[in-house]
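Here's a quick tour of the model, meant to be read with the structure open beside you. Have a look at it first, then work through the notes below.

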Amino acid sequence: CPVAGATCSALISASERSGRSVDSALETLRWLQHASQEPDTITYTAVIGAFSRISQWQRALNFLHDMQMRSTQADARTYGVCIDACAKGQQADLALGLLTDMRKHHCQPDTSTYNAA
């Protein structure tokens, strides 16, 4: 069902904004995968955003890597959220490296991406 991915993304975003734990986001992601649906860019970005909000830059980068391994295209928002996570974790070199990575993947940084870095 194509709505499942969008619904999961909305659930993940809503749960992180309401202050629920990252576990809730991961549970929703597992449910999506259990339903044999591949997470899309929006879903991955929502999970990465949940990790960014609690300053877990390592886990955010792990999900970016997982996303790339599954051939899901990261967009400027995805990279921006990862860069923000790195900045919160005082990982300036990693944040700047993600800007380079964006360009290698033909993803154009936007103003918010540069501001996060």
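Let's start in helix H5 (residues 76-88), where Lys 88 and Asp 84 both sit, four residues apart, or about one turn of the helix. Helices here are DSSP runs (H or I, at least four residues; strands are E, at least two), numbered from the N terminus. Bear in mind that this is a predicted model, where local features need pLDDT of at least 70 and side-chain atom pairs count only at pLDDT 80 or more, while totals for chains, interfaces and linings use all residues. Residues are numbered from 1 along each chain as its sequence is written, and side-chain values use heavy atoms, with hydrogens and water left out.

**Salt bridges**

- The structure has two salt bridges, meaning a side-chain nitrogen of Lys or Arg within 4 Å of a carboxyl oxygen of Asp or Glu.
- One of them joins Lys 88 to Asp 84, with the closest N and O atoms 3.4 Å apart.
- Lys 88 is partly exposed at 40% relative accessibility, and Asp 84 is partly exposed at 27%. The scale runs from buried (under 20% relative accessible area) to exposed (over 50%), with partly exposed in between, using a 1.4 Å probe and protein chains only.
- Arg 70 bridges to Asp 66, and here the closest N and O atoms are 3.3 Å apart.
- Arg 70 is partly exposed at 38% relative accessible area, and so is Asp 66 at 26%.

**Ser 52 and its contacts**

- Ser 52 belongs to helix H3 (residues 41-53) and is buried, with a relative accessible area of 3%.
- Leaving out residues up to four places away in sequence, Ser 52 touches Val 81, Asp 84, Ala 85 and Lys 88. Contact means heavy atoms within 4.5 Å.

**The nonpolar core**

- A nonpolar core is a set of buried Ala, Val, Leu, Ile, Met, Phe, Trp, Tyr and Cys residues joined through side-chain atoms within 4.5 Å.
- The largest one has 30 residues, and Phe 63, Leu 64 and Leu 98 touch the most other members.
- Helix H2 (22-34), H3, helix H4 (57-69), H5 and H6 each give two or more residues to this core.
- H5 supplies the largest share of this core, seven residues.
- Beyond its neighbours within four places in sequence, Phe 63 is in contact with Leu 26, Leu 29, Tyr 44, Val 47, Ile 48 and Phe 51.

**The aromatic pair**

- There is one aromatic pair in the structure. Rings of Phe, Tyr and Trp (its six-membered ring) pair if their centres lie within 6.5 Å; planes under 30 degrees apart are stacked, over 60 edge-to-face, and the rest tilted.
- The ring centres of Phe 51 and Phe 63 are 5.4 Å apart and their planes are at 35°, so this pair is tilted.
- The pair links distant parts of the chain, with Phe 51 in helix H3 and Phe 63 in helix H4, 12 residues apart.

**Helix H6**

- The buried residues of H6 are Ala 95, Leu 98, Leu 99, Asp 101 and Met 102.
- They cover an arc of only 165° around the axis, which puts them on the same side of H6. The arc is taken from the directions from the helix axis to the C-beta atoms.
- On the other side of H6, Asp 93 and Lys 104 are exposed.
- Just after H6, His 106 takes a positive phi of about 55°.
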